[in-house]
Amino acid sequence: MPFPKPRLSGLSRHSLDSPDSPNVRLRPRRRAALAAAGAGLAVLAVGTPVAYATLGTGASPEPRPATSTASRGKAYIETRLFFGTERPDGGADVTDRQFLAFIDREVTPRFPDGLTIQDGRGQWRDSNGVIERERSYELTLLYPTSEARQRDPQIERIRDAYEKAYAQDSVARLEERTTADF
């Protein structure tokens with residue numbers, strides 16, 4: 001359907017279409033195209049929340065406050081210790097019962113607020129170049145960064161105690177700064 005021509009008040013058709021004219025107005029087709037584009041954007045804006053809800057993505061159609069995970073929680077240090085269970089001297093492997101007794105004796109008194117233990121399988125290259133594989137434990141400790149100086153010697157005593165008690169070459173230590181919210 002053709003669009004009705006606008007009424008021209010004292011201007012010629014040529015002066016409206018000329019890009020040199022100081023009174024340039026949009027042509028009817030161009031105005032219609034812009035109106036259609038605007039309507040399409042409006043439909044997309046209104047339809048987007050419905051699409052998210054229908055697809056079940058869990059995305060909320062309402063805006064969320066601008067927060068990042070870095071702004072939540074407090075500054076903590078995450079220390080992970082890796083304990084092997086095979087003894088280089090050929091003795092019996094460290095059992096679950098022995099390891100949990102070690103945790104109760106050496107770790108819990110120093111970190112009574114909590115810790116996490118995970119079973120693992122590890123491997124490393126020994127001094128002869130041989131790849132050794134063994135069952136292991138990963139201990140995760142979280143503590144506020146303000147306690148780092150106090151906690152460092154406690155963690156080193158845990159490592160030393162395990163190495164001596166179970167004839168281990170080493171207990172690996174990994175630390176990262178993080179944020180935690182409980």
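**Ground rules.** I'm working on a predicted model, where local features need pLDDT of at least 70 and side-chain atom pairs count only at pLDDT 80 or more, while totals for chains, interfaces and linings use all residues. Residues are numbered from 1 along each chain as its sequence is written, and side-chain values use heavy atoms, with hydrogens and water left out.

**Overall fold.** I found four helices and four strands in the protein chain. Both kinds are DSSP runs numbered from the N terminus: helices are H or I with at least four residues, strands are E with at least two. From the N terminus on, I read the order as α-α-β-α-β-β-α-β. Next I looked up burial, where buried means under 20% relative accessible area, exposed over 50%, and partly exposed in between (1.4 Å probe, protein chains only). Of the 182 residues in the protein chain, 21% are buried. Then I looked up contacts, meaning heavy atoms within 4.5 Å. Among contacts with a separation of 6 or more, 66% join residues 24 or more positions apart.

**Largest pocket.** First, what counts: on a 1 Å grid over the protein atoms alone, a pocket is an open set of points where a 1.4 Å probe fits, with protein on both sides within 12 Å along at least five of seven lines, and lining residues have an atom within 4 Å of a point. Volume is the space filled by probe spheres set on the points, which are joined across faces, edges and corners. The largest pocket holds about 410 Å³. I noted 19 lining residues, with Gly84, Trp124, Glu134, Gln168 and Ser170 nearest the centre. Strand 1 (74-84), strand 2 (116-125) and strand 3 each give two or more residues to this lining. Which strand gives the largest share of the lining? Strand 2 does, with four residues. For classes, Ala, Val, Leu, Ile, Met, Phe, Trp, Tyr, Cys and Pro count as nonpolar, Asp, Glu, Lys and Arg as charged, and the others, Gly among them, as polar. By that scheme I get six nonpolar, six polar and seven charged residues.

**Second largest pocket.** This one has a space of about 280 Å³. Its lining is 14 residues, and Asp113, Gly114, Leu142, Tyr143 and Phe182 lie nearest its centre. Strand 3 gives the largest share here, five residues. The lining divides into eight nonpolar, three polar and three charged residues.

**Aromatic rings.** Rings of Phe, Tyr and Trp (its six-membered ring) pair if their centres lie within 6.5 Å; planes under 30 degrees apart are stacked, over 60 edge-to-face, and the rest tilted. I have eleven such pairs in the structure. One of them is phenylalanine 102 with tyrosine 162, edge-to-face at 5.1 Å centre to centre and 75 degrees between the planes. Phenylalanine 102 lies in helix 3 (residues 96-107) and tyrosine 162 in helix 4 (residues 148-165), so the pair ties together parts 60 residues apart in sequence. Both residues are buried. They also belong to one aromatic cluster: Phe83, Phe99, Phe102, Tyr137, Tyr162 and Tyr166.

**Glutamate 138.** I placed this residue in strand 3 (residues 131-144). Is glutamate 138 buried or exposed? It counts as buried, at 18% relative accessibility. Its side chain makes a polar contact with the side chain of arginine 80 at 3.2 Å. (A polar contact is a pair of N or O atoms within 3.5 Å; within protein, one must be able to donate a hydrogen and the other to accept it, and residues adjacent in sequence count only if both atoms are side-chain atoms.) Leaving aside neighbours within four places in sequence, glutamate 138 is in contact with Arg80, Leu81, Phe82, Thr116, Ile117 and Gln118.

**Glutamate 106.** Here I'm in helix 3. Glutamate 106 is buried too, with a relative accessible area of 17%. Beyond four places in sequence, glutamate 106 is in contact with Ile158 and Ala161.

**Alanine 180.** This alanine sits in strand 4 and is buried at 11% relative accessibility. Alanine 180 and tyrosine 76 are 104 residues apart in sequence, but 6.3 Å apart in space, C-alpha to C-alpha. Not counting residues up to four places away, alanine 180 touches Gly73, Lys74 and Tyr76.

**Alanine 167.** I found this one in the loop between helix 4 and strand 4 (172-180). Alanine 167 is partly exposed, with a relative accessible area of 30%.
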